[in-house]
Amino acid sequence: MPDPNGFLRYQRQLPKRRPVPVRILDYKEVYPPAGEELIRDQATRCMDCGIPFCHDGCPLGNRIPDWNDLVRTQQWEAAADSLHATNNFPEFTGRLCPAPCEAACVLGIADDPVTIKQVEVEIANHAFDLGFVRPQPAPAASGKSVAVVGSGPAGLAAAQQLARAGHAVTVYERDDRIGGLLRYGIPDFKIEKHVIDARLAQMSAEGVEFQTGVDVGTDITADDLRERYDAVLLAAGALAGRDTPETPGRGLKGVHLAMEHLVPANRVVAGLQDSTPIDAHGKHVIIIGGGDTGADCLGVAHRQGAASITQLDQYPLPPDIRAGVKDPWPTWPLILRNYAAHEEGGDRVFGVAVQEFVGDADGNLVAVRIADVSVQRVDGVRTVVVAPGTERELRADLVLLAIGFEGTEDQPLLAQFGISRNRRNVLDADQGWQTAAEGVFVAGDMHKGASLIVWAIAEGRAAAAAIHSYLGAAGELPAPVRADSQPLSA
């Protein structure tokens, strides 16, 4: 059983990040591998509480107290087996997930929560380093075939589950490499791409076929998919970036969506192109948006050598800790989140919104005009109210819009299948994860909207279980969430 006094003997501690002056010179991951003693001590803090709310915080249903205790007793292979029982890609989630499991940790009621995410990634690292990650091909073929459109975490999770159940699975990706946003949307200082490649090697050995550079709906039509496959899973993400076309000056040269900056920067790091058309070197950069994508832009701009960087957030400065009954445990807390990129420099301004992008006579961006604002909701309608007399200008050569995503892109494949996006610009599914088109399923951000990586994997696993049943295959696959499942909320 777990150490009943572990949380009393050890304080929460994370491994030290690589020094800022060193890490901004490259794109290697910010965190070095943690020592075994540190991870063992942190795992020992898990109380194995009677009702582990961390299970509810994570949609995957990860057996967190189980593998924490296995790490405490240095049973790394058993810990890896326990972790992989519910999560296909713990090396992804351990690096990228914001850890709603930690927000729901019972220890977090009166103390700092267990470092669940760090323990998770170290289990995954040990699993690869010690050879515990082995292909698990199906013992027999089912004779059924499935096409997966999109190679992000939802599509990959579904593909692996279905392949291990004996189905012939082909994953289609329009980019030149597999991984979706994991590959080109997230910088290497958060996840180096050899981490993705190692898992793809396992999946290939399990029989998953990958087809890159294929724009499904153009290069291959819906009729082609129906002719070749017994079922289709749509998992192409929610990549339609939110824009501000109504803001004066939006068309100036120097104003870009975040992904227009991140994708070519990642391709340069990968050695696939020599330069990026949107380079922050020597420029005064304004990043609009305070979330993960904004922090990614911030870290890349530091490494490109920006002259200055200012990150704008229209919401007021959040508190450092939960705001009592207004922000109750175990829901995801509304607190100030400091990413590694913020440690590297730049300014953050809260409670402001851009009123105008200011340009010169040649149409080049030279400044942004901002004002203090408050965000109000009246009868459920969100309104941004400008404080009179607070307008001022900030110098800017480059603006990056990191204000979220508006849903899945409208694409020919949807019309070919006779499917329409709903009012949230994503696809509806019934309780069997099936769209309005027979035999066509959906999972991940394409169904839920832009969300967390754990939700993408959970939906991919659940959709795989539904497809397995639809194909009339024997037995059941695990389905951690329902099509209408939602995160814990206040």
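## A charge over a ring

Let's start with Arg303, which lies over the face of Phe189, at 4.1 Å from the ring centre. Keep in mind that this is a predicted model. Lys448 does something along those lines too: its charged end sits over the ring of Trp455, 4.1 Å from the centre.

## The open sheet

Now for the strands. Five of them make up an open sheet with parallel pairing, in the order S5-S13-S6-S7-S8. Strands S5 (255–257) and S8 (347–350) are the edges, each pairing on one side only. On average, neighbouring strands are turned by 20° against each other, ignoring direction.

At the S5 end, S5 pairs with strand S13 (residues 398–401) over three bridges, in the parallel sense, and His256 stands opposite Leu400 in S13. Helix H14 (residues 258–269) packs on the sheet here, touching S5 and S13, with its direction at about 75° to that of S5. Helix H15 (residues 292–304) lies across S6 (284–288), S7 (308–313) and S13, and runs at about 175° to S7.

## Helix H3 and its neighbours

H3 spans residues 36–44, and its buried residues are Leu38, Ile39, Asp41, Gln42, Ala43 and Thr44. They pack against four helices: H1 (6–9), H5 (64–72), H6 (76–84) and H9 (116–129).

## Aromatic pairs

The structure holds five aromatic pairs. One of them joins Phe441 and Tyr470 edge-to-face, at 5.3 Å centre to centre and 75° between the planes. This pair links distant parts of the chain, 29 residues apart: Phe441 is in strand S14 (residues 440–442) and Tyr470 in helix H19 (residues 453–470). Phe441 is buried, with a relative accessible area of 1%, whereas Tyr470 counts as partly exposed at 32%.

Notes
Residues numbered from 1 in each chain as written. Predicted model: local features only at pLDDT ≥ 70, side-chain atom pairs only at ≥ 80, totals over all residues. Heavy atoms only, no water. Buried < 20%, exposed > 50% of the residue type's maximum accessible area, 1.4 Å probe, protein only. Helix = DSSP H or I, 4+ residues; strand = E, 2+ residues; numbered from the N terminus. Contact = heavy atoms within 4.5 Å. Pairing = 2+ DSSP bridges. Axes fitted to C-alpha atoms, helices over the stretch in contact; angles between N-to-C directions. Phe/Tyr/Trp six-rings, centres within 6.5 Å; stacked < 30°, edge-to-face > 60°. Lys NZ or Arg CZ within 6 Å of the ring centre and 35° of its normal.
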